[in-house]
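Grab a pencil and work through these exercises one at a time. Try each task yourself before you read its solution.

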Amino acid sequence: MISDLTRRKLAELSEYVDKGTSSGRWLVLMHDNPDPDSIAAAAGLSKLLRKVYRRRVTTAYGGIIGRAENQEMVSVLGIRVSHLRYLNWKHYRHFALIDTQPRTGNNQLPEELTPDLVFDHHPPRRATLLSPFVDVRPQYGATATILAEYLLAADVDIDKRDATAFVYAIRTETQDFGRRYDRADKEVYDDLHPAADIRALARIQSPPLPESYYRTLHEALEHVESVETLVVSHVGDVTQPDIVPEIADLLLRLRGKTWSFSTGAFEDRLYLSIRTTNPRADAGRLMRRLLGRRGKGGGHGMMAGGWMPLPKNDTESRNRLQALLTSRLAKYLKKNPERLAPLILDES
Ligand SMILES: [Mn+2]
């Protein structure tokens, strides 16, 4: 089940960590607003560094763990993660980026720092190649799959909590294998599923939700617009940015629609999310085109995310920006933005 590629990369990693690094502290850094994939993968890498290479490791993130499900995952599984605001970069000798890459704009690694290790499944970027050890597999559905393979190849014990985290990561990241995935994702999933805690999984999947969740959802549903197969909704200030992709996912399930787009404001940024059901599409490229030089973002073929600065977050200028982005996206998708019309949801 463990591919030759993983065995080769593990040997390369051992060579690098054993001979190319000091015994100083490691910082394993996830992307901002970490999702289950980055949380499980980061926990996996931290375990590998501790158990196999006897290194001292801190697992960290920037932004917020926003979704109730993700907070539940961390607390139910007792995963130890620290927010960067409580850490000092100077205390760390070595750095690893996980489920993200240098200069993507979705992690807090300072630009002048080159990470020792990069593990990811997003399309490879030029800045990543400067790192001494890189394992980027864009064909994989989840970064967690890569790290699970390393632990298996290194014969590190995968306990019930680890197995649960990996299973949940692969499930959410591939939307229960409804999205693009590699055979490796399915193999790791099938291998670890019997060891996972199904009660914990159930709790993680349906945690209590805050009122703000329903409030934002209500606002989003009140403002749905559509032209042909594109469906769009924008909201104002949100209490956590992860609700924006959640809205895009929900809209994409509307019958007859193949593209969805949502945005929402958090602090001084407008967060954007694009989803499509078209497996041949390149949502990441569309997102970068939409953001231009003003924002940062990217993604895979069928899903993409990003943000742009909101210098003025008053309702009027925000509305104007949201309308402009919608009409631009409609044009990219060869749909007439003039024909964008509200979707009336209360008609029976
Ligand atoms: Mn991921």
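Two strands pair if DSSP finds at least two bridges between them. Helices (H or I, at least four residues) and strands (E, at least two) are DSSP runs, numbered from the N terminus. The model here is a predicted one: local features need pLDDT of at least 70, side-chain atom pairs count only at pLDDT 80 or more, and totals for chains, interfaces and linings use all residues. Residue numbers start from 1 along each chain as its sequence is written.

**Exercise 1. Work out the order of the six strands in the open sheet, and find the strands at its edges.**

Step 1: Reading across the open sheet, you get S3-S2-S1-S4-S5-S6, with parallel pairing.
Step 2: The edges are strand S3 (82-83) and strand S6 (133-136); each has a single partner strand, so one side of each has no neighbour in the sheet.
Step 3: Now zoom in on one pair: S1 (residues 26-29) and S4 (residues 94-98) run parallel and are joined by four bridges. In this pairing, Leu 29 sits opposite Leu 97 in S4.

**Exercise 2. Find which strands helix H2 and helix H4 lie across.**

Step 1: For the angles, axes are lines fitted to C-alpha atoms, for helices over the stretch in contact, and angles run from 0 to 180 degrees between N-to-C directions. Contact between two residues means that their C-beta atoms, placed from the backbone, lie within 7 Å.
Step 2: H2 (residues 36-51) lies across S1, S2 (57-61), S4 and S5 (117-120), and it runs at about 165° to S2.
Step 3: H4 (residues 143-153) lies across S4, S5 and S6, at about 120° to S5.

**Exercise 3. Describe how helix H3 packs with helix H7.**

Step 1: H3 (residues 68-76) and H7 (residues 198-205) make an angle of about 150°, and their axes are 8 Å apart.
Step 2: On the H3 side you'll find Glu 69, Glu 72, Met 73 and Val 76; they meet Ala 200, Arg 203, Ile 204 and Gln 205 in H7.

**Exercise 4. Name the residues with the most contacts inside the largest nonpolar core.**

Step 1: A residue is buried if 20 or more other C-beta atoms lie within 10 Å of its own, exposed if 12 or fewer, and partly exposed in between, with C-beta atoms placed from the backbone. A nonpolar core is a set of buried Ala, Val, Leu, Ile, Met, Phe, Trp, Tyr and Cys residues joined through C-beta atoms within 7 Å.
Step 2: The largest core has 50 residues, and Val 28, Leu 29, Leu 45, Ile 98 and Phe 166 have the most contacts inside it.
Step 3: H2 gives the largest share of this core, eight residues.
Step 4: Setting aside neighbours within four places in sequence, Phe 166 touches Ala 40, Ala 144, Ala 148, Val 188 and Leu 192.
Step 5: There's also a second, separate core of 36 residues, with Val 238, Ile 243, Leu 270 and Leu 321 among them.

**Exercise 5. Decide whether Leu 286 is buried or exposed.**

Step 1: Look in helix H10 (residues 283-291), where Leu 286 is found.
Step 2: Leu 286 counts as buried because it has 20 C-beta neighbours inside 10 Å.
Step 3: Beyond its neighbours within four places in sequence, Leu 286 is in contact with Ile 274, Ala 304 and Tyr 332.

**Exercise 6. Decide whether Arg 54 is buried or exposed.**

Step 1: Arg 54 lies in the loop between H2 and S2. Its phi is positive, about 55°, although Arg 54 isn't a glycine.
Step 2: Arg 54 is exposed because 9 other C-beta atoms lie within 10 Å.
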